[in-house]
Amino acid sequence: MQLTKNFTLNEMTYSSTAVANDIDNRPSVAVVENLKRLCVNVLQPLREHYNCPVIISSGYRCVELNKKVGGARNSQHLLGEAADFIIPSKNLKDVFEWLRLNLEYDQLLYEYNSRCRWIHVSFHSGLNRRQCIDNYKA
């Protein structure tokens, strides 16, 4: 199912951890609508601005998958309101800054751990908080 011109439901729900652990990560209709809002309002405009692929590393996570990957109990990934991504050909700090200044979001995190860096962004249909943290250790 196509959510926007460049984003599919499959890429927003795929998880190698879910596949490896036989976890059913199929979203509800309400979650699909949230994923579509996230793509329409944040990810697609980002894709169009940079004119290159936005690689989603984590989108929707069911409760079981969220526990398996060590996600927060109140993670917006559980609602289909959040995605973690990279743009391999771009400086992530520059992408983070452009997103901060130009798009609506609820939460924007420049995240890292001992192995890699990525951007976490969330969006929901209510009032977005515009919470921004540019150095968040995951």
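## Helix α5: cap and buried face

N91 caps the N-terminal end of α5, with a side-chain oxygen 2.8 Å from the backbone nitrogen of K93. The model is predicted. Helix α5 spans residues 92–102, and its buried residues are L92, V95, F96, W98 and L99. Seen down the axis of α5, these buried residues fall within an arc of 165°, so they line one face of the helix.

## Aromatic pairs

Two aromatic pairs turn up in a search of the whole structure. In one, the ring centres of Y50 and W98 lie 6.0 Å apart with planes at 75°, so the pair is edge-to-face. This pair links distant parts of the chain: Y50 sits in helix α3 and W98 in helix α5, 48 residues apart. Y50 and W98 are both buried.

F96 and Y110 also pair edge-to-face, at 6.1 Å centre to centre and 80° between the planes. Here helix α5 supplies F96 and strand β3 supplies Y110, 14 residues apart. F96 has a relative accessible area of 2% and is buried. Y110 is buried too, at 7%. The charged end of K93 sits over the Y110 ring, 4.2 Å from its centre.

## The nonpolar core

The largest nonpolar core holds 36 residues; M12, L43, L46, F85, L99 and V121 touch the most other members. Elements giving two or more residues to this core are α1 (9–13), α3 (29–50), β2 (82–86), α5, β3 (107–112) and β4 (117–122). α3 gives the most, with nine residues.

What does L46 touch, not counting residues up to four places away in sequence? Its contacts are V54, F85, I87, V95, W98, L99 and L103.

Notes. Residues are numbered from 1 along each chain as its sequence is written. This is a predicted model: local features need pLDDT of at least 70, side-chain atom pairs count only at pLDDT 80 or more; totals for chains, interfaces and linings use all residues. Side-chain values use heavy atoms; hydrogens and water are left out. Buried means under 20% relative accessible area, exposed over 50%, partly exposed in between (1.4 Å probe, protein chains only). Helices (H or I, at least four residues) and strands (E, at least two) are DSSP runs, numbered from the N terminus. The arc is that of the directions from the helix axis to the C-beta atoms. A polar contact is a pair of N or O atoms within 3.5 Å; within protein, one must be able to donate a hydrogen and the other to accept it, and residues adjacent in sequence count only if both atoms are side-chain atoms. A nonpolar core is a set of buried Ala, Val, Leu, Ile, Met, Phe, Trp, Tyr and Cys residues joined through side-chain atoms within 4.5 Å. Contact means heavy atoms within 4.5 Å. Rings of Phe, Tyr and Trp (its six-membered ring) pair if their centres lie within 6.5 Å; planes under 30 degrees apart count as stacked, over 60 as edge-to-face and the rest as tilted. A charge sits over a ring if NZ of Lys or CZ of Arg is within 6 Å of the ring centre and within 35 degrees of the ring normal.
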